[in-house]
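Dear colleague,

I am passing this structure on to you, with notes on what was found in it. Please read the notes with the structure open beside them.

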Protein chains: 2
Amino acid sequence: MITVSLIGIGTGNPDHVTAQAVRAMNLADLILIPLKGDDKADLAGLRQAICESCVTNPATRIEGFDLPVRDRATPDYLTRVNDWHDAIAAVWRDRINAHLEQGGGPRVALLVWGDPSLYDSTLRIAARVGRDIPIMLDVIPGLTSIQVLCAAHAIPLNELGASVMITTGRQLRDGGWPDGPGTVVVMLDAGGAFTSLYMPHYHIWWGAYARAGQSCAWLDHGHLHPAPDPYDASIRKVAMTPAAGVAGSATICKHPYGCQFSPLNALSRSARSFSQAAYYDPTFFDQRPERLIKYT
Amino acid sequence: MITVSLIGIGTGNPDHVTAQAVRAMNLADLILIPLKGDDKADLAGLRQAICESCVTNPATRIEGFDLPVRDRATPDYLTRVNDWHDAIAAVWRDRINAHLEQGGGPRVALLVWGDPSLYDSTLRIAARVGRDIPIMLDVIPGLTSIQVLCAAHAIPLNELGASVMITTGRQLRDGGWPDGPGTVVVMLDAGGAFTSLYMPHYHIWWGAYARAGQSCAWLDHGHLHPAPDPYDASIRKVAMTPAAGVAGSATICKHPYGCQFSPLNALSRSARSFSQAAYYDPTFFDQRPERLIKYT
C-alpha cells in the first residue's frame, strides 16, 4: 500500500516545523516538490531549504515536478479549480508510478504550506489519486498564517466568548461582513478585500512573510476607516509578494464593540514591536543562498 | 523589563511542539504551571512532562501555582470570566514579584494548551499583569485541537472556496447554524451543542484527547441526524474527560451540500483508520508515570 503523507510545514520559518513533521519527512522514500515556474521558484527553493534542514535520512529522495497551471479560459471558478486539481492529481500519480517502477519505496510525502486542512488543495488532490491507486493518507498538522499573524501581533483571534469567521476575499466582497462573528479572517485575497466594505472603526491586522532571496516583511495594524496607516498601499505591497497568496497570508479584522486589543492599548503596542523583531529574522534567507537549489 | 512568553504547546502530544516553543522554554528563567485541584492534576502533570522532555537548561525553574476558581455565584458570564482573569493576573503578578525578589531572571513563561490566540485566556491575563508591571509579551503559536482533529480525520476544514465559522457551544445553542459558512467548529462545549439543532444529513466529526494516567481517545464521525453512531453517548464521554474542555476539544460539522468528504468516500474511511492509529499512541502516557510529579 502506498502511503501519501501531507506534511504541514507552517509559513516558511523552519522553527515552526514540528517534531512530527520532521519525522514524517525522514520516513518518506520520496518527497515531491511542486515547481510553479520562474516567478514562484523561490517557494520551491524554500521547500527545498526546509527539506535540507530537516531530512537526515540519505534514502529520502527529493524530486521537483512541474505543476500544471489553471486554465484561465474556464469561466466558472469551481470548475476551473476542479479541473486544475484533476490535472495535478494526474501528475502526482505519474510521478508516484515512475518512482515505484524504479524500485522506490512506498512512502511518498508532500510539504504543505500552513496546514493541510485550511485553504489547501492537497487533501482534495490526494483523494483523486486515491481513485486510481490505493493509498493510505497520513496528515501532519502545521501552523497556519492566522496563528503566526496573531502571535506576531500578540492578539487573541476571538473576542471573549465570541465567534470567528474564516473566509475568502471573494466571499467577503460578495457577501459583506457576515452576521455574528466579532472577528473575520480573510485568506486567499490578493487585493485588500476589507477595503471593499465601509466599516468605520473596525480594526485590522495584517502582515506578509519573507520571500526567499529578497528580504521583506510587513506587519502592521490600524483602523480600517478612517485609516491611520496607509493600509491600501501596504496591502498592495503584501499582495505583490509571491509568498502572500501561496504561503497563505491572512488579514484579520475585528468588530469595534468589545475589541480589547485596540491601538490605544500600550501593552499591545509594545508587544507588537517586540514580536515584530522576534518574528522576522531577516538573516534567515540572506545567509542561505546556497539552499536555493536548481531543479533539473 | 520582564518578558512574559506565552508558549503554545498543542494538545498534549510532545511531537506537536515546535522548535520555537522548545527554545522559548529553554530561554525562560521561570515557567509557571497552573494547578487546578485534584480533578485536573493530570493536566498539570502533562505540562510538567512536556517541560521535562523539552527543557534542558538547568537554570530554568518550573513552579506550580494554585489557580483561582471562577465564582459561580456571579450570574453574568462575561463578568464572571473577567473577575476570574483579574484574580489569575493577581496570582501571576505575585509569583513574578516573588521570583524577582529571590534574584530570579526576567524571563517568565507559561505553557498554553493549543494556541494562545484561540479561546485561551492567557493573552487577556497578561494584559492585566501589564497594567501593574511593565512587561514585554512574546507569543509562540501552537497547534490547535481543530488542526489535530482535521489531521486525524484526514479532512479539510473548509469546503472549496467556502467559509468556516469557529464558535462556542453557547453561541451555537443561542443562535443556531450561522448564515454563510459550509463548516462550523464548536469549541468550549461540554455537552454536544450540535445536537441542540435538528440538521438532517449534516456531517459531524469529533474526537477527544488522551488523559494522563488513563489512556483514552475517541475519534469518530457520522451524520448528525439520523445518527449512525451513538453521537450523544460519545460526546458525553468526551465531555467527561478532564482534557476535553481544557485542552480545547473541537467538534466540526459540515453543511450537506458540497461536502466532499462524506462517510461514503472510501478514501476518507481508510484514511481515518490509518490516522487514528498514527494519531493516538496509548503508550505515551502509560510509559511515563514518573513524570506525573507532585507539586509542593
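A residue is called buried when its relative accessible area is under 20%, exposed when that area is over 50%, and partly exposed in between, with a 1.4 Å probe and protein chains only. By that criterion, 58% of the 296 residues in chain A are buried.

The model is a predicted one, in which local features need pLDDT of at least 70 and side-chain atom pairs count only at pLDDT 80 or more, while totals for chains, interfaces and linings use all residues. Residues are numbered from 1 along each chain as its sequence is written, chains are lettered from A and ligands numbered from 1 in the order in which they are written, and side-chain values use heavy atoms, with hydrogens and water left out.

Chain A in outline

Chain A holds 10 helices and 10 strands, where helices (H or I, at least four residues) and strands (E, at least two) are DSSP runs numbered from the N terminus. If contact is taken to mean heavy atoms within 4.5 Å, then among the contacts in chain A with a separation of 6 or more, 74% are between residues 24 or more positions apart.

Helices α3 and α4

Two packed helices are described by the angle between their axes and the distance between the axes. The axes are lines fitted to C-alpha atoms, for helices over the stretch in contact, and the angles run from 0 to 180 degrees between N-to-C directions. In chain A, helix α3 (residues 77–101) packs with helix α4 (residues 122–132) at an angle of about 60°, and their axes are 8 Å apart. That angle makes α3(A) oblique to α4(A), given that angles under 35 degrees count as roughly parallel, over 145 as roughly antiparallel, 65 to 115 as roughly perpendicular and the rest as oblique. The crossing of α3(A) and α4(A) is right-handed; a crossing has that hand if the near helix is turned clockwise from the far one by less than a right angle, and is left-handed if anticlockwise.

On the α3(A) side, the residues that make the contact include His85(A), Trp92(A) and Ile96(A), and on the α4(A) side they include Arg124(A), Ala126(A) and Val129(A). Sorted by class, the residues of this contact are seven nonpolar, three polar and five charged, where Ala, Val, Leu, Ile, Met, Phe, Trp, Tyr, Cys and Pro count as nonpolar, Asp, Glu, Lys and Arg as charged, and the others, Gly among them, as polar. Helix α4(A) is largely enclosed by the rest of the structure, because eight of its 11 residues are buried, among them Leu123(A), Ile125(A) and Arg128(A).

In chain B, helix α3 (residues 77–101) and α4(B) pack at an angle of about 60° with their axes 8 Å apart, and the two are therefore oblique to each other. Their crossing is right-handed, and the contact is made by residues including Asn82(B), Asp86(B) and Arg93(B) of α3(B) and Thr122(B), Ile125(B) and Asp132(B) of α4(B). By class, this contact has seven nonpolar, three polar and five charged residues.

Most residues other than glycine have a negative phi, and most peptide bonds are trans. Tyr119(A), however, has a positive phi near 45°; this residue is found in the loop between β4 (107–112) and α4 of chain A and counts as buried at 13% relative accessibility. Tyr119(B) likewise has a positive phi of about 45° although it is not a glycine, lies in the loop between β4 (107–112) and α4 (122–132) of chain B, and is buried at 13% relative accessibility.

Thr167(B) and chain A

Thr167(B) is placed in strand β6 (residues 164–168) of chain B and, at 4% relative accessibility, counts as buried. Its side chain is joined to that of Ser163(A) by a polar contact of 2.6 Å, a term that stands for a pair of N or O atoms within 3.5 Å, of which, within protein, one must be able to donate a hydrogen and the other to accept it, residues adjacent in sequence counting only if both atoms are side-chain atoms. Leaving aside neighbours within four places in sequence, the residues in contact with Thr167(B) include Ser163(A), Tyr119(B) and Val185(B).

With best wishes
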